[in-house]
Amino acid sequence: MVEPDSANRNPPRRRVGDGTSQSITSVVLAVSEIDNDQIGAVTDTVAAVAGPTHATVHLVCPFSPDEFERTVRRLEYDAESPPEPDELAKRSRSVRETAAELRDPRRNYGMPISVHGRIADDTGAAIVNAATEVDADRIVISGPNRSPTGKAIFGSPAQYALRNAPCPVTFVRGD
């Protein structure tokens, strides 16, 4: 009996977009910028990308340092020993609503969902860093439809992700 070549049993995972494979195992969804009216469109997009391969969906919720402190106080945690950012993110309304939509039987293909909280001054950088940490095959991000001047003046996490992501980025535009 001929032994199969061990190199062919577990071929190396290829990045999406290199022309050799479309296997997606990890998708980052940035939830900091999702408006209530966008949750359906965003979760439909994530389900279409992650669902067929049962990819893990990483919900990333970045907090600015001030926002983290305000949220700790609002949720009545002890300010002297605040929770980990992941725990606080799990209590975030937008994370809970997005996770519920992804688990909806019309969208859920058995995708595991993981929640990641980050404390960062730059939301875009936090999203890109999280995508790098989890070896994401895709980032899905949403945001308001702003003019080029608005983006230049106020910056844009989506714009940062589009320029610096380690993988393809899907932008779901708001109205």
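A residue is called buried when its relative accessible area is under 20%, exposed when that area is over 50%, and partly exposed in between, with a 1.4 Å probe and protein chains only. By this scale Asp135 is partly exposed, with a relative accessible area of 36%. The structure is a predicted model, in which local features need pLDDT of at least 70 and side-chain atom pairs count only at pLDDT 80 or more, while totals for chains, interfaces and linings use all residues. Residues are numbered from 1 along each chain as its sequence is written, and side-chain values use heavy atoms, with hydrogens and water left out.

To begin with the overall layout, the protein has eight helices and five strands. These are DSSP runs, numbered from the N terminus, with helices (H or I) of at least four residues and strands (E) of at least two. Read from the N terminus on, the order of elements is α-β-α-β-α-α-α-β-α-β-α-α-β. Of the 175 residues in the protein, 42% are buried. Contact here means heavy atoms within 4.5 Å; among contacts between residues at least 6 apart in sequence, 77% join residues at least 24 apart.

The interior comes next. In soluble globular proteins, nonpolar side chains tend to be buried together. A nonpolar core is a set of buried Ala, Val, Leu, Ile, Met, Phe, Trp, Tyr and Cys residues joined through side-chain atoms within 4.5 Å. The largest such core has 27 residues, and those with the most contacts inside it are Leu29, Val46, Val57, Leu59 and Leu102. At least two residues of this core come from each of β1 (26-30), α2, β2 (56-63), α3 (65-74), α4 (85-90), α5 and β3 (113-119). Helix α2 gives the most to it, with five residues. Apart from this core lies another, of 14 residues, including Val28, Ala30, Val60 and Ala136.

Val95, in helix α5, is buried, with a relative accessible area of 2%. With the same exclusion of residues up to four places away, Val95 touches Val31, Leu59, Cys61, Ala89, Lys90 and Val115. The C-alpha atoms of Val95 and His116 are separated by 9.7 Å, and the two residues lie 21 apart along the chain.

Helices α2 and α5 also meet each other. The axes of α2 (residues 39-50) and α5 (residues 93-103) come within 9 Å and cross at roughly 50 degrees, which makes α2 oblique to α5. The crossing is right-handed. On the α2 side the contact is made by Ile39, Thr43 and Val46, and on the α5 side by Glu97, Thr98, Glu101 and Leu102. These residues divide into three nonpolar, two polar and two charged.

Glu76 has a positive phi of about 60 degrees although it is not a glycine. Its place is in the loop between α3 and α4, and Glu76 is exposed, with a relative accessible area of 72%.

Terms used
Axes are lines fitted to C-alpha atoms, for helices over the stretch in contact, and angles run from 0 to 180 degrees between N-to-C directions. Angles under 35 degrees count as roughly parallel, over 145 as roughly antiparallel, 65 to 115 as roughly perpendicular and the rest as oblique. A crossing is left-handed if the near helix is turned anticlockwise from the far one by less than a right angle, and right-handed if clockwise. Ala, Val, Leu, Ile, Met, Phe, Trp, Tyr, Cys and Pro count as nonpolar, Asp, Glu, Lys and Arg as charged, and the others, Gly among them, as polar.
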